[in-house]
Every structure is written in structure tokens, then in C-alpha cells.
Amino acid sequence: MTTDTEAPAAAPTAEQPPPTAARAPKRRSWLGLWFVLPFTAVYAVFMLWPMLLGLYYSFTDKSLTGRPVSWIGLDNWAEAFGDEKAWDSLWNTAWFTLLSTPPLVVLGLAFALLAHRARKLGWFLRLSFFAPFVIPVSVVTMVWVWMYQPAGGLFNHYLGEWGLGADHLWVFQEDSMASVVITTVWWTLGFNFLLYLAALQTIPAEVYEAADIDGANSLQKLWGITLPLLGRTTALVIVLQLIASLRIFDQYYLMAGGGMNLSPENVFIQYMYNSGFTGLRVGYASALSYILFFFILLVALVQFRLMSRKED
Amino acid sequence: MPNHPSPPGSLSRRALLTGTAAAAGIGLAGCGSATDAFSGQTTVKQWNLLAGSDGAIMTDMHRQFMDETGIELKATTFAWGTPFYTKLVMGASGGNAADVATIHLSRLESLSPDTLLEAIELDELVAAGLDPQDFPTAIWERCFVDDRLYAVPIDTHALVNYYNRTVCEQAGVLNADGTLLETHGVEEYFDLLRAVKDVTGEYGTSLDTNAGWRQFWAWYRQQDGEWTFHEDGFELDDDKALTAIDVMWRMAEEGLCPRISDGGATAANFENGLGGLVQVGNWEITRFRAFNEAQGLDFSMCEMPDFFGNRRTQGDCHTYVLPRHNTWSEEGRAATIEYVSWMLRHSFQWGAGAGHTPAYLPVTESAEYQELEPNAEYAGVVDNVQFDPQVWFSGSAARLADEVAQVLAGVYAGNTRPEDALEAVKQRAQTLVELPNPID
């Protein structure tokens, strides 16, 4: 719309550049750098430097106790690759991702469609679906752990009333993963919902009008117009969601680990935390964190390839 | 529009801004010491892990300390256990942690005192009015690492047995004077629990099933069980360990204790009368007293029941340590030691309010303390307290206790049979033994 006005006017000047002598000498300004400097400095000090330091530590026996550091080559890496518990916890992280990503994407879309269609209750739905996302993780987990309590918790109370057994062990032992997934879906759904809702609002109404004229029913419109036009958003949502899920730590640690409610299983970042901070072995934990880094990188790259092929 | 040159002689805006920023920077950097210098006050920074109800007692004592001595005290309470120790270790390795911190004595060696803590001179203590003779020998000796003093003990605390007098009276398990009947052996105690369960309709005892380590260690040590660690393995008495775990399994199986109950639920079950007894740390006394004031709860405490011929119980000591400092000011160090000394000399309040048994003998030997109830009823814990095994991954909230508790939670829940639990405990301990030691 705005683009067609500019092109013709610009064309002649492009073909006939003015003589260089006539142009004022170009002043190189370093001013812009000063604006970037605060961010760059913080980024370098708190991101790049720790990353490099972490890589270095992964080749040493660096301990939190501050005793002298010695270079041990690939020992940490070899230990990490042979560490069964590390692989178990990496699998738990992957399992959490597999369980949490589909509902978070599909429900995010479904709720966005619902809120987008709703005329009178739209504001209420938008608020309700997004509100949990702004609650801090400590509050979310505390509320949900109470609801999961075996004696007097909300779920068990009603299960008991309906005669389904009131003693189910929701956040303990092997059941904890599903419970954490349910809580996570409730808590973080709002973000995907918001992305989808914004994308829905950018689809021009004319397209739907044209479809109406052609006599398309609402299912055909959803399948033929809405979903394809949301394709790029879906790709974005999936990438962000996978990365967020692979970084699972806070809610799992608060609900199922960390000395209060106990699950014998760890997720990967929790295992890193245990090795590095509880177990004082910063060197080993650094090697573990680089393994997670490569794993996430791999997932992102594979997905990037799949998505870009689809767009061709 | 061209920029106007700044008028000669006056300050340019840029110079003014730069100057102000620099001045502010210098001002901020000197902030801490400047405020101290102006007010003539010394500040002591203290970190503690007393997130339970005993923290309220310590806060009260701090207020009195500041009023009496004029020293400014800044205390910070962190979440108990791993979060606190993580913070302490990281702060101390940077050399900018607090001036003084509370730790569990069982964790002293795992905190690498040589690199992370400051040794305390006996002369300093004497100058502040403390005498090394004034502490129980067994505890005092554990405060030394490589012949240097790193910790000053505050108290001994342990698992004790709380009982709800109203419930227990109905169950007929009280003596004429209102104290709990003394039982001998697991079966007698189970009978007592059955009688109490009949009254409550829910549980006999409201155990914390997530804190299985403490109960395991108490009942294992009652059988004289030892757990020693060496370079590539450990010695654990399988039969005795299995007997201790079996007690847990049977207690939960019969519904004498909950299948699942975390710290909060455990205390709540006792307060609501769902359990007539609870074996939990003496520090919960403040919480139960508050509940008594609010809604009425007639309770008392005695020692851990005798399961295997004695009343040994799991416990630990809170101690003061000085995290590593890059620099000490002379007044700061003196004020810190003064704080430690003041708190110990006034630890009657710590015992009366928080239920801990003070380590400072002039307090515990005073007639006033000897008559203190219900402390007198469980005074024996000091002799019966059993510290965790001595190895770098052991101690309160350390990995051994955490990992064993995870397995035992499964036993209480009825998911893990005692034999499998023992195997799992041994396996996890072996994994810990095989880790490279990050301390020496």
C-alpha cells in the first residue's frame, strides 16, 4: 500500500549518482556506539564472559570452595557422557518437553480462537487466559502443591467425594511429572495465547469475506485460511515453547525436588544445580551445562531446517 | 540547526553531567562506611537459615542486642537447607558474605573451612567474655578442624516426641502426672499409637514422611548401627538398616502414620488433632505454642521413644561461623565476636522460646533453666543426640540425607518395599562416594 508510491521517484537518482565531489564529506560518527555500550557492557560481563569462563571450567576441577584449580582435560566430559543419572535427567527434561509442548501450542491456539470470536466476553477471556502467566513461579507452585495435597487437597477432596479414592499421591514420586506438566500448562499457556491472538488480529477481514462469498463454511475457513495464515506464528510458538520447555527447572524444583516434596527423578538443570551448587563441583556442572546447550542448539537447528524446507 | 557553542567560562552541560555522575559514583561507593562514620555505629551482617518458627525468637533477641549494645545488626534469613548453604558458599568464596552466619555443626567440614571460613582465636572469645570451658566437650571438639577453631556452638537440637495431652488422655496413654507413658520396644509403641489412632480416627503419629533420613538415623543408631565411609565405599549394617526401614513400612501400612506428609502438613495434622503425637524437631515448639494461643492445643514434649533399648535421636547443633572476608575492620571483627558472645550469654531465651538446648553451660546449668518446662522433660536429648555420618556429602540438608529421604518417602508411600529401599539407599550412597571430592 505504501510501497507503490516510492519506487518511481527514487529510480532516476539511483541511476545517476551525483558526483562525489559535490557530496559533503561523510562524517563517520561513533555516537551510535555510545548508545549500544551500556547493553554491550552488561552483555559482555554477565553473558559472554561467564560463558567463556564456564567453558574453561569444564576442563578443570574447579570447586566452589575456592581451592586451587587444576586442568584435568576431558575428564569432566568423559564423566558426563558416562553418567547414567545425567542421561536419565536429560531424558526427563525431554519427556517433560514432549508432554508439555503439544498442549501448550494446541490449547494456546484454541483459546486464542475462542477469545478472538467472542464479542461480549472477549476482554474477560483474554484476562483469564493470560492472568496466570504474570504470577511468580513460587506462588504458582505453592498454590498447586496445596491443591495436589493427599489429605484435604482440592483434587483429592473431589476425587474422594466421587468415590475415586482420595489418597492419590499427586506431586510425589513417579506421579510428579504429570502434575508439573499440568501446572506448567495452566501457568504459561497465556504467552502462546497472546502470540496467537495478536496473529489472528492481523489476518485481513477481506479474506474471510471472499470466502463467505464463495460459500465456505466455518470449518473450511479455519482449515483453509486461518491455520495457513498462522503458519509463521505457529513456527515461532513451537520454537519458543521447545526452548522454554527444555529449560524446565523452577517449577519442577519447587514442586517435586529440593528437599520439600521429593521425587527420585531429576530434570537436567536440576541435576546441574545439584552437581554445581549443592555438590560444589562447578567444573563438572559447567560441562553438563554445555551438553544441554548443544542439545538445545541441535533441536533448534533441526527445527529451523524443517521449517525453512516447508516454506520453500 | 547548528549547535551553539557553550558560553565561555561557564560549565558545559556535558561536563556538568560527567562531574555529577562521577561524584555520585564516589558517594555511592563510600556509602556503607560513610553512614557508619556519621552515626558512629558499627554494623554486623548476619546470615541465618532459621526460616522456621525459631527465627522469630532470634529476631526478638537481635532487637534486644541492638538496644543494649548499640551495635547495628543486619540479619538476613534464607530458605532452610540447600538454598542457604549455596548462598553461603558462594558469598564466602567471593569474600563478601556476611560477617557471621549460622550453620549446622555437621556441615562444618563440608564447607571447606580452610578456604571458606575464618578461624576464630580463643583469645578473641575470652576477650568477649566467653570461656572454652563453658561448652560441652563433645560438641566443642567438633568445632575444630585441623586444630583451628572455626565454629562456636549455639545449641543442640533434635527430633523429640510431641504429644497432644487431650487426645492422649482419652486414649489412656498418660501417666497420672499428665506425662506420656514410657514404652519399650517397637511393639509397645505401636500399641500406644493404635490406642491414639482409635481416638483421632486418622493417625497415631503425624510423621514428616519427607524427612525420613532423621527417623532412619535415629532408629538405626538406637540399634548401635554405624555408617562409616572410606575412599571407595562404606560400611552399613544391612540388618539393622533394614529393621529401621521396616518400622517405617509397617507404621505406614497400618495407617499409624500418614503415607505422605510434608513439613507443613505434619505440623497441621498435629495441630488439628488428626495425629495425637508427632516426632519432629524441638524447634516446632514456637509454632505449636502460637497455635495453642490462637485455638488451643494442650501439648507437651518428651524424648524420642525407645524402639531398640534406648532413646537415641537424630540431631545437630547450630553454630556461628565467620565466612571468609577479603578485609576485616578491627571494630567490625570485635563487634562480630561481641554479637556471638552476647547471643550465647542470653541463650536462655533461645532455649525457652525455640525449644533448643543451649550449648552455653552457664545457661543450661542455671536453676532457672533446669526448671523450665517442657524443656526439662526432654533434657536427656543432649546425651542421646546422634550426629549424621562424617563425610563431605553428609550433614543437615546435605546430599546423603536428601537422597536417603527420597528413597524413604517411597517406603512411607507404600511404593518401595524395605528390601528394595535398602538396595536403593546403598546404591545412592555408593554413587556419592564415587564422586570426586571437591573439598580436599
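The following dialogue examines the reasoning behind several descriptions of this predicted model.

Visitor: What makes Gln64(B) exposed rather than buried?

Guide: Gln64(B) has 12 other C-beta atoms within 10 Å. A residue counts as exposed if that number is 12 or fewer, so Gln64(B) is called exposed. Gln64(B) belongs to helix H3 of chain B.

Visitor: How far apart are Gln64(B) and Thr209(B), in sequence and in space?

Guide: They are separated by 145 residues in sequence and by 38 Å in space, taken from C-alpha to C-alpha.

Visitor: How do you know that the length of helix H9 of chain B agrees with its number of residues?

Guide: Helix H9 of chain B runs over residues 186-200 and has 15 residues. The expected span is 1.5 Å times one less than the number of residues, so H9(B) should span 21 Å. The C-alpha atoms at its ends are 21 Å apart, and therefore the two values agree.

Visitor: Which residues of H9(B) are buried, and why are they said to line one face of the helix?

Guide: The buried residues in H9(B) are Tyr189(B), Leu192(B), Leu193(B), Val196(B), Lys197(B) and Thr200(B). Viewed down the helix axis, the buried residues of H9(B) lie within an arc of 140°, and so they line one face.

Visitor: How is chain B divided into domains, and how far apart are their centres?

Guide: Domain 1 of chain B comprises 41-154 + 317-365, and domain 2 comprises 158-315 + 383-434. Their C-alpha centres are 29 Å apart. In the contact between them, domain 1 of chain B supplies 17 residues and domain 2 of chain B supplies 15 residues.

Visitor: Which elements of domain 1 of chain B give two or more residues to the side that touches domain 2 of chain B?

Guide: They are helix H3 (54-69), helix H4 (82-94) and helix H15 (348-354) of chain B. The largest share, 3 residues, comes from H3(B). By residue class, this side of domain 1 of chain B has 4 nonpolar, 10 polar and 3 charged residues.

Visitor: What does the contact between chain A and chain B consist of?

Guide: Chain A contributes 24 residues and chain B contributes 29 residues. On the side of chain A that touches chain B, 10 residues are nonpolar, 10 are polar and 4 are charged. The predictor assigns the complex an ipTM of 0.73 and a pTM of 0.79.

Visitor: What helices and strands does chain A have, and how much of the chain is buried?

Guide: Chain A has 14 helices and 0 strands. Of its 312 residues, 33% count as buried. Among contacts in chain A between residues at least 6 apart in sequence, 67% join residues at least 24 apart.

Visitor: Where in chain B is the pLDDT below 50?

Guide: The average pLDDT of chain B is 88, and 91% of the residues score at least 70. Over residues 1-11 of chain B the pLDDT is below 50, and this stretch has 2 contacts beyond near neighbours in sequence. Over residues 25-37 of chain B the pLDDT likewise stays under 50, with 3 contacts beyond four places in sequence.

Key
Residues numbered from 1 in each chain as written. Chains lettered and ligands numbered in written order. Predicted model: local features only at pLDDT ≥ 70, side-chain atom pairs only at ≥ 80, totals over all residues. Contact = placed C-beta atoms within 7 Å. Nonpolar A, V, L, I, M, F, W, Y, C, P; charged D, E, K, R; others polar. Helix = DSSP H or I, 4+ residues; strand = E, 2+ residues; numbered from the N terminus. Buried ≥ 20, exposed ≤ 12 C-beta atoms within 10 Å, placed from the backbone. Arc of directions from axis to C-beta. Domains from an automatic or database assignment. pLDDT = per-residue confidence, 0-100.
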